[in-house]
Amino acid sequence: MIVSFSSQKGGSGKTSSTMLAATYINYYFDKKICVVDVDIQKSLFNKRKDELSYIQLAAEKNNGELLPQMKEAKMLKKLDSEGKSLFPIYAYSFQDDNVIEKIRDLEKEFDIVFIDFPGTLDFNEISFILLILDYIFIPFYAEEKNFKSAFDFEKVLKGIKNSQVEAPNSSRLKKYFAYFFKYNENTRKEEWDFLDMMFKKRGINKLKNSIYENIKLEMDSSTINIVSGVPSAKSPLHFVQEIMSELYPGEYKKN
């Protein structure tokens, strides 16, 4: 299946959400996943490249081996013990005439293919990729410019779903969901409550779990390591578990 965290506005949490979900699914769940980075900036692809360079440099300083206490060493050892490896990140251009074919080829090899879109979406350029997505998760942050563009994006998705009534094969979109990004129940309460009210009014499915505002998540998110030191109640694992229950309802239960 092909999945994306997506919205129209840059800086809305799409790439951060993709990185968290991919890393946690790879660590906790028995699914083979990959990420396709079609962002012009290639931020996820370059972050993995930088992280691997750091690991290589650290190993070179210790006679070719990572120090056992390094979190990267612990993560790689854990994955290896379970017959897993780091999930691959591919850098593709949405301007490549063969990008759809390449993504579909990956779908034959992986259970979940995550697509990380450009920061600001131009529907004239990427609409053809939206049509091959099975599930889309829209981040909403309690800031007016963010949620206005997110609601505009939701309208586009609703249009895609409505078109399936007359043309069932016009797209693959099964469901889309809203979720709170950088959620903090102690700040911007009026904005969060307004968003909840609008979701109900517009009939938008919202995930029960959120990605919380947390300095550890902002500073330590990685394409290799899960984030430690986050309070259990606010762990991204709850968010990811709910996503997996939506992607595989017969296999995983909602937490």
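This is a predicted model: local features need pLDDT of at least 70, side-chain atom pairs count only at pLDDT 80 or more; totals for chains, interfaces and linings use all residues.
Hi everyone, and thanks for coming.

Let me start with charges. Side chains of opposite charge can pair when their charged atoms come close. Searching the whole structure turns up 15 salt bridges, and I'll walk you through a few of them.

Take helix H4, which runs over residues 99-109, and look at Asp105 and Lys108, three residues apart there, about one turn of the helix. Their closest N and O atoms are 3.5 Å apart, and the two form a salt bridge. Asp105 is partly exposed, because its relative accessibility is 39%, while Lys108 counts as exposed at 71%.

Now slide along to helix H6, residues 144-166. Here Glu154 and Lys158 sit four residues apart, again about one turn of the helix. They also form a salt bridge, with 3.6 Å between the closest N and O atoms. So is Glu154 buried or exposed? It is buried, with a relative accessible area of 1%.

The next bridge joins Glu185 to Lys234, with the closest N and O atoms 3.9 Å apart. Glu185 is in the loop between strand E6 and helix H7, and Lys234 is in the loop between helices H8 and H9, so this pair ties together parts 49 residues apart in sequence. Both ends are partly exposed: Glu185 has a relative accessibility of 33%, and Lys234 has 26%.

Before we leave the charges, please find Glu107, Asp134, Arg172 and Lys174, which are linked in a network of salt bridges.

On to the rings. How many aromatic pairs does a search of the whole structure find? The count is 23. One that I'd like you to look at is Phe29 with Tyr252: the ring centres are 5.1 Å apart and the planes meet at 85 degrees, so this pair is edge-to-face. Phe29 belongs to the loop between helix H1 and strand E2, and Tyr252 to the segment after H9, so the contact ties together parts 223 residues apart in sequence. Phe29 and Tyr252 are both buried.

There is also an aromatic cluster with Phe140, Tyr141, Trp192 and Tyr212 among its members.

Finally, two lysines meet rings. Lys31 lies over the face of Tyr248, 4.1 Å from the ring centre. Lys32 lies over the face of Phe110, at 5.2 Å from the centre of that ring.

That's my tour, and I'm happy to take questions!

Conventions
Residues are numbered from 1 along each chain as its sequence is written. Side-chain values use heavy atoms; hydrogens and water are left out. A salt bridge is a side-chain nitrogen of Lys or Arg within 4 Å of a carboxyl oxygen of Asp or Glu. Helices (H or I, at least four residues) and strands (E, at least two) are DSSP runs, numbered from the N terminus. Buried means under 20% relative accessible area, exposed over 50%, partly exposed in between (1.4 Å probe, protein chains only). Rings of Phe, Tyr and Trp (its six-membered ring) pair if their centres lie within 6.5 Å; planes under 30 degrees apart count as stacked, over 60 as edge-to-face and the rest as tilted. A charge sits over a ring if NZ of Lys or CZ of Arg is within 6 Å of the ring centre and within 35 degrees of the ring normal.
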